[in-house]
Amino acid sequence: MANDGHGAGIAFPEDKQGVHLYSMCSPNGCEQGSRVNVLKGQQREPQFLAINPVGKIPAIVDFDADHNGLKVFESGAILCHIADTRDPEHKLLPRDPCQRAEALSWLFFHTSTLVPIAQTVSVPLVLGAPSLKSQGILDRRLGDTGGWLAAGRYTIADIAHLGMVLLLKYILGLHLKTDYPHLAAWLDRRGMNVPEPCWLLVEGPREEKMAAIRERA
Ligand SMILES: N[C@@H](CCC(=O)N[C@@H](CS)C(=O)NCC(=O)O)C(=O)O
């Protein structure tokens, strides 16, 4: 696989067929397809951010005719896409709603609980502090789409982010309207106009707010 000059050090594919993986050998990556060396910061190169705006490996591009260069990031989403499109017998992700929900429960446990715990310990040692902040990533994405996170409409992707965005806003003391205007507009948009959790409205310094949260729990 030759470097076609797109990225400073990332070898992008010349034959645009099938599923192309962008990754490197890491706990949730493997050495296939194009190597994106996160130890050298290649995940933050514009050409890779165009594939995964979150700046993390793994990511794939699906060049098959049906999928038309579809970009997928987040290991869970990649696994679902592969299962949905390359497993006609549904061996990897069952079709039966009960079995499917069970498989997805454990997949989501892996990506949302186990991986962050493992990374809390390992990432600062290997990579230093993460440089791309979630709220900035979401704000840019919503600025690009002008609406919702995915599929041009309100989906479970928007629903999933709501509580955590409010929590980040509170914990980090974010000024959304001035610093993250697209995120602020998204929160105000029809369908997202839910009341803030009561504990967010507690006045006073952070310690008092935390005490109020514990009291109300
Ligand atoms: N939730 C993501 C996590 C991906 C992730 O954190 N990848 C690491 C390598 S194992 C990475 O690219 N880190 C680079 C960075 O954070 O700058 C997934 O499951 O795909």
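Helix H4 is followed by Gly 146, whose phi is positive, near 70 degrees; helices (H or I, at least four residues) and strands (E, at least two) are DSSP runs, numbered from the N terminus. The model is predicted: local features need pLDDT of at least 70, side-chain atom pairs count only at pLDDT 80 or more, and totals for chains, interfaces and linings use all residues. Residues are numbered from 1 along each chain as its sequence is written.

**Helix H4**
- The 12 residues of H4 (134-145) should span 16 Å at 1.5 Å a residue, and the end C-alpha atoms, 17 Å apart, agree with this; the expected span is 1.5 Å times one less than the number of residues.
- Leu 138, Asp 139 and Leu 142 are buried in H4, where buried means 20 or more other C-beta atoms within 10 Å of the residue's own, with C-beta atoms placed from the backbone.
- The cover over these buried residues includes helix H5 (156-171) and helix H7 (181-188).

**Nonpolar cores**
- The largest nonpolar core has 13 residues, and Tyr 22, Phe 48 and Ile 51 are among those with the most contacts inside it; a core is a set of buried Ala, Val, Leu, Ile, Met, Phe, Trp, Tyr and Cys residues joined through C-beta atoms within 7 Å.
- Strand E1 (19-23) and strand E3 (59-62) each give two or more residues to this core, and E3 gives the most, with three.
- A second, separate core of eight residues includes Leu 138, Leu 142, Trp 186 and Leu 187.

**Overall chain**
- The protein chain has eight helices and four strands.
- Buried residues make up 16% of its 217 residues.

Key
A residue is buried if 20 or more other C-beta atoms lie within 10 Å of its own, exposed if 12 or fewer, and partly exposed in between; C-beta atoms are placed from the backbone. Two residues are in contact if their C-beta atoms, placed from the backbone, lie within 7 Å.
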